[in-house]
Amino acid sequence: MGSCGTWAWQELLVLLSSLWLWVGSAQPTPPGPTHAPGPQLKFRLAGYPRKHNEGRVEVFYNDEWGTICDDDFTLANAHVLCRHLGFVAATGWAHSAKYGKGVGRIWLDNVNCAGGEKSIGDCKHRGWGNSDCSHEEDAGVICKDERIPGFKDSNVIETEQSHVEEVRLRPVVSGARRQLPVTEGIVEVRYKDGWAQICDEGWDSQNSRVVCGMMGFPAEKKVNRNFYKQAKSQPKQKRREDIGSKKRLFSERQQLNYRLHSVSCTGTEVHLSMCTFEFYRGNASAACGAGMPAVVSCVPGPLFATGNAHKKKQRQQQQGQPRIRLKGGAKVGEGRVEVLKNSEWGTICDDRWNLLSASVVCRELGFGSAKEALTGARMGQGTGPIHMNEVQCLGTEKSLWSCPFKNITQEDCKHTEDAAIRCNIPYMGYENLIRLSGGRSRFEGRVEVAVGTGNGDQPRWGLVCGEGWGTLEAMVACRQLGLGFANHGLQETWYWDASNVTEMVLSGVKCAGHEMSLSHCQHHSASLNCKNTGTRFAAGVICSETASDLLLHAPLVQETAYIEDRPLHMLYCAAEENCLSSSARLANWPYGHRRLLRFSSQIHNNGRADFRPKAGRHSWVWHECHRHYHSMDIFTHYDILTPNGTKVAEGHKASFCLEDTECEEADVAKRYECANFGEQGITVGCWDLYRHDIDCQWIDITDVKPGNYILQVVINPNFEVAESDFTNNAMKCNCKYDGHRIWVHSCHIGDALSEEANKRFEQYPGQLNNQIS
């Protein structure tokens, strides 16, 4: 205690002496406005190429931007700096000017933070401007891609010469303000605490293309510049007369404040700050004499098109199946990039993957330019072939297939290198119509939705009926909230009534899972239909940034399928667990047999989170006959279907034991094992193997007549556990049964083939012999 007290007194004396020195040195200066001692610090990320949450750290101190030296740099320093930048924490840091060399002062050196400091200035360092480093030692940080609540994420990618941050389109036509998305308006850039305009002298379609891309639109269109010019030059008295008959412009009422001029883009930039331009210096009141504010009009993609004319045009442009898609993303406009080649979907290797190529994909899919080009299977691993490698787009291509690329062999790339993207999408305001209350963190709570906002009125908040609320509905809610995937959809909630909202306003919600907003899902119209309207029975969610993604290894099913005639006296346990067809109850037990189609199932988790059963171990069911716990009542469905989809035999399989049998990479450790009442689940990068010779790993085909059929296996059929992608949970095979033997072939994941190939599969005429071509 004595040593602590001595240390505290020393610190206090140092603080008092510092304060005295500051006051003494400040005495000769003339009086000015009251402010906190010391200059105000500002921080920014710079360098290129980089993502929006990483870069070279630059500090604004004493009216000058400068860098930080990487000597003695630690993750604790990065934590403090990331919080300055509006991120919750750091995940790493970079040395030796990884993001390029800065210019100007090196403000800090030998920085040593504990990690909990509120300001980098509170950490130990050599003193401001005291450094023995060069810019080759500039430090960078990689921040966790999660904003501190209330911090605005501008998704800015800056270059050395320019620091244009936020850009917006301000609607100028009366009535357009409430209509989203905003597709036409004056281009404005953030300046100090307000917004400034850009002079349109020399403005061309390439500039408009860049702005539209930032706003989430794939293309630009020509603006009627004369209309805006006339409105600007029209006498006030004349304008008053024409208010009723002509569109009224908001620009009439706002004083113009020009900030940029001579903007020149090539059209491939992902942000206006990457174009060349000049700033107006000093008094810009007389700027842009011969011009006017730059106005841009954008063409929305199919998902965001409004009005029948727009939608009709988009439908005409989208005839035929697209040859590119996104998978595994939580939000609209992000995901792993998959391309269609030779009627089979495959992935892209991330070698040389960059923002130019990513932007071509984004625009082809109807979004804006790319926000990020992701590498290293950041959106989960795909399956099947890897169709492209070293894609090198110029940025002007209409399709990714027009870009130069290399065909690859399996040795060149693995699915751990699958490329992914995040695109700019239009602002729709959906996140303002939903909120969570009462949760332990911002990722969970009771769902509250805003109703009655159509006429610009104050929204009325209410609850959602929990009846029928499940994982798919929760996925849409979490997407609308911008919180990633759903971990759980709760039909009953015990959260604290934090917002005093008790009225139920929405019921009968039924989502497909891909919608952008709960309002896009089916639901009861004006009349509420909910049996229990108490707050306890309101819908709730627990969201997560990542999710699992299960899929079956199709070739193994094909390789291991066979028929067994199993004696009834060996099937008592299976009958107890409903693993036989209904006619088995009428059999002459224990005499006779059942004919079983047996095969092995190898279920991989290719997602970004472990697959865990919904129920905790306290509610697992013990089955004495097989002597194991079921953590999920139904984990897979096994069906035999006729070519027209009629079910002729079925089997279902509870999760006898979810565990890691093997993992794909040597550095991935197995985490789940069923022995001794262990935890159940499947780790990312691992698989669970159900061998063909265990009970219930079959379909009872005793009553099936000879013919041509489809074998279908569906994992997680009731969506009990959330996944990043449910479309790859089904596997299908063609099979021929002649009454004695069975041939299984053409096994594939449900969404692995083109629409054309799937039609051919379903219209398969059948095998005439056992020669599979």
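Let's start with strand E9, residues 194-198: four of its five residues are buried, where buried means under 20% relative accessible area with a 1.4 Å probe, counting protein chains only. Strands here are DSSP runs of at least two residues, helices are H or I runs of at least four, and both are numbered from the N terminus. Keep in mind that this is a predicted model, where local features need pLDDT of at least 70, side-chain atom pairs count only at pLDDT 80 or more, and totals for chains, interfaces and linings use all residues. Residues are numbered from 1 along each chain as its sequence is written, and side-chain values use heavy atoms, without hydrogens and water.

So who are E9's neighbours? Strand E8, residues 184-191, pairs with E9 in the antiparallel sense over four bridges; to pair, two strands need at least two DSSP bridges between them. Here Arg-190 sits opposite Trp-195. Two residues separate E8 from E9 in a hairpin, and Lys-192 in that turn has a positive phi of about 55°. E9 also pairs with strand E11, residues 258-264, this time in the parallel sense over two bridges, with Gln-197 opposite Tyr-258.

Now, over to another sheet. E38, residues 730-737, runs antiparallel to E39, and six bridges join them.

How values were computed: Buried < 20%, exposed > 50% of the residue type's maximum accessible area, 1.4 Å probe, protein only.
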